[in-house]
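Please keep the sequence and the model in view while reading.

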Amino acid sequence: MILRKMGIFRLLFIVFIFAGLLLKLFAGLYVNYFWFKDLGYTQLFTTPIIAKLQIGSISFVIYMIIIFLMGLIGYKVFETAEHEQVKTTSKLHLYVLDNLVQPKEKNITPVNRKKVISIILLASIIISLLFALGATGSGWMKLLEFRKASDFGIKEMIFNKDISFYVFKMPLYNFILDSLAFSLSVIFLLSLVFFPLTGLIKFGGNIFNKDALRIPHSIRRFWAALIGILFILFGLKKYLSMFAIMYSQTGYVYGAGYTDIHVAVPLAKVMTVLAFLCALASFVYFFVDDHRLVVGAVSVYLVAAIAGSLTFGLIQYNVSNNEFVKEKPYIEQEIKFTRLAYNLNNIKYKDYQGTAKITMKNINDNRSTMDNIRLNDPNPLKTVLSQNQGLRYYYRFNDIDVDRYTIDGKYREVLLAPREISDTALIEKAGTFVNLTMRYTHGYGAVATLANEIDESGYAKLIVKDIPPQPQVKGIDITEPRIYFGELTNDTTYGYVIGNTSAKEFDYPMGDNNVENYYQGKTGLPFTSLNRLFLSAHFNTFRFYMAGEIKENSKLLMKRNIVERVNTLMPYLRYDRDPYIVADNSGKLYWIMDAYTSTDKFPYSAPVDNLNYIRNSVKVVIDPYNGTVNFYTFDKTDPILKTISKIFPGVFKDSSEMPSNLNEHIRYPEDYFSIQSNILLNFHVSNPSVFYNREDTWEIAKKAGDGGPKNIDPYYSIMKLPGEKDSEFTLMLPFTPASRQDQPRNNLVAWLAARNDGDSYGELILYKVPKNVEIQGPLMIDSLIDQDTSISGKMTLWGQGGSQVIRGNLLTVPIDGGFIYVEPIYIRAAQQGSSIPQMQAIVFAIDKKIIMVETKSLDKAVADYFSREGSGEPVPGEPNKPQVLNPKDSILKKIEALKKQLQDIEQEVKSL
């Protein structure tokens, strides 16, 4: 009785565990389905599941047939061995016979045959299921892209195939062949270990003698069929490898070069035919008991493969001795297709004088450009805002976003930083369940400053500040400041927050009290009875039943990090590393993320960052309060986006549907611009000879940095481009010639500008400067700063006593055919934990003439620069005009000036 009760309890325990696992599995599907549905993207959840079921079912059936048939053949080995009374001392064989064959019967009974077949069937189901799951995980999207493929309308010259064949067709072909080849190879290798252990295979003599191997006919047929199928798969893979040369590199060219076309392609065809002949020999072995058919086939195939590789290497060596002549037509293809793949064909090329004389008139004529030169460097600014506008220990400024707004009627560059709540900070000091999930649920507001305005204390002059946000100007306001969805909303402890509970949500402090709020946003999973059950199972908690603060109309918010949120919805795109926040005309905050389509299989295109084709085809808008996500199409011609749109219809909206007050804040993305710039370093030339000899290779301009020179990052600026009437928001990057270690070349050769405003959005212009003149690059200006004794002397004094001198970004600004250079200088006192960087001075330069002025105003620095007279230096803009001065007077004046500067610096250091 007791044993019976124990059996019942054990059964109930097993049932309980099984039911719990099922509930957990279904809860995950349920919660995720309703999360997608809540955002309006049910198809993004159901389409992958349907496709996975389709490819999984097909894969399962194929694997099931193969594995079950192989299992039956393997079982037939033992059955035949018993009938033929094969003598063996193999423990494995004896064990099988003793357990699967009736002890008193020589032949296998029907009952045992059914038992064995059932075991084989069960094992086949399990193994096939595992293989099918592996195929499902990576193959479903390839299947859908194959079905919905859009043509590129461009054909390569070798096989005359549209680019879509390589991007959408080849991946599925390779996936199918790789999956089958892998699974059958595993079965074959296991059989090579298993069958010899049975003792049924006899070895003896030379392998090339007919009697050297004695293999039961069942095993022979098993291996013959398996090897024949594998040879067919290898032949098909070899045939496909012929097309893979179009996006790989074996010689100088990325893509099919001379040796690829004249050796690799014919060799692939020969090896394909040879593989099919070897498969035929294997199938003959199925009927003819002569293992030399297979051994010979394998030997011939391996010899041919080795001979082909040697031939390829020898011809490639010969080609390298006359490389340019042989590779020239393919170099032309690489230039053509690389420029096409990175959207460089539409770049406009313009000449820029670079050496024009800059006068005060030029400065005044470009007032909008001057008023927007960025003095507020994002790195020091982030520290300033954290100290002055953090206000509470749990607030953080994750990033400084650069944008443009019309401020007090003028077009101005603005730096905007959202104030978010840090989970990490809360966990350290207030990490209770209620605090982390119900009370501290959102960040609040943002801080804004103009790019070039500094107050008298040396800090950024804020135009939006404090809590609640207080605008100091007209043109930017924040009326809905709550940020439930952002860059720092990671929910690292529980994975969610709960809005609209009786606990009330903290908004901001006011005096001795706190202002509180309830979440009333559009998205979130409500706590209905059914939802509460599955949410509890999904998050492994009973708190949703125990917490009295949770009401039925409370909402659970999950996946609140905007990068995770968007990636979960649409993982088939690449995303820019810098989502940025904007405030629209109504005062509502929005996040904007740039998304890219990409592939690494574009023929003849040089790769960068694991891709060789990219388009910025999509802009994503996320509402920080409601959590809604919208995808907008900005490149209707992109074949990859067309294909994804066919797979997921209704997901992407046309760019015309983006609200106009958001459209005016879209930016040309930095990541995309950086990739294009890196490709442009070599591919700005079209002459194959110049390209091959690297006669005109560029580098991204460098700046001085800790540990040595570093590449300049692209930077946004409002400027008047050459030939344009009005200033506009521009993304810019300068270039210098490629340097050798023993011959640095840091003069400016060109600069690339991406336009961001209105109908000109997305237009790239490459301005080239004359090659026969030296124009200062940023690193050359940095060197001049270091070489100037008055400037470097001051910086050395400022850096004494533990204080830190911070050199901001050196900006190269084109104006009326010339360049000006501006670099802000900050000082941070020794107390790292509490000190805040303050602007101390501005470096201003034109050509090789440079000045550092202790001021917070760029206009003051410019005025001081142009007012220098009697200093023994040429008048700016007239470098060749000599001035006659008494050398002794000049030296004395300089000594007196240096003495005064040293006295001023000593006073400043004492005050610090």
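In which helix is the place of R147? R147 belongs to helix 4, residues 110–147; helices here are DSSP runs of H or I with at least four residues, strands are runs of E with at least two, and both are numbered from the N terminus. The model is a predicted one, in which local features need pLDDT of at least 70 and side-chain atom pairs count only at pLDDT 80 or more, while totals for chains, interfaces and linings use all residues. Residues are numbered from 1 along each chain as its sequence is written, and side-chain values use heavy atoms, with hydrogens and water left out.

On the surface, R147 gathers with K148, K642 and K646 in a patch of positive charge. Patches consist of residues with over 30% relative accessible area and no salt bridge, like charges being joined within 9 Å and nonpolar side chains (Val, Leu, Ile, Met, Phe, Trp, Tyr) within 5 Å. R147 is partly exposed because its relative accessibility is 48%; buried means under 20% relative accessible area, exposed over 50%, and partly exposed in between, with a 1.4 Å probe and protein chains only.

A nonpolar surface patch is formed by L23, L530, L533, F542, Y545 and M546, which together have about 650 Å² of accessible area. Helix 15 (529–539) and helix 16 (543–546) are the elements that give two or more residues to this patch. L23, in contrast, lies in helix 1, residues 2–39, and is partly exposed at 31% relative accessibility.

In helix 13 (residues 423–430), the buried residues are D423, A425, L426 and A430. Because they cover an arc of only 160° around the axis, as judged from the directions to the C-beta atoms, they lie on the same side of helix 13. The exposed residues T424 and E428 are on the face turned away from that buried side. Helix 22 (residues 778–787) is mostly covered, with seven of its ten residues buried.

The loops contain several backbone features. Between strand 10 (460–465) and strand 11 lies P468, and the peptide bond from I467 to P468 is cis, with omega near -10°. N500, although not a glycine, has a positive phi of about 60°; it is found in the loop between strand 13 (496–499) and strand 14 (505–510). K559 likewise has a positive phi, of about 50°, without being a glycine, and it counts as buried at 18% relative accessibility.

The structure holds 32 salt bridges, each defined as a side-chain nitrogen of Lys or Arg within 4 Å of a carboxyl oxygen of Asp or Glu. R577 and D671 meet in one, at 2.8 Å from N to O. R577 lies in the loop between strand 18 (574–575) and strand 19 (580–583) and D671 in helix 20 (residues 670–683), so the pair ties together parts that are 94 residues apart in sequence. R577 is exposed at 72% relative accessibility, whereas D671 is buried at 13%. R667 forms a salt bridge with D578, the closest N and O atoms being 3.3 Å apart. Since R667 lies in the loop between helix 19 (660–663) and helix 20, and D578 in the loop between strand 18 and strand 19, this pair ties together parts 89 residues apart in sequence. R667 is buried at 3% relative accessibility, and D578 is buried at 18%. Finally, salt bridges that share partners join K348, E724, E728, R755 and E763 into one network.

Technical notes:
Accessible areas come from the Shrake-Rupley method with a 1.4 Å probe; for residues, only the protein chains shown count as cover. Lys and Arg count as positive and Asp and Glu as negative; His and the chain ends are not counted. The place of a charge is taken as NZ of Lys, CZ of Arg, CG of Asp or CD of Glu.
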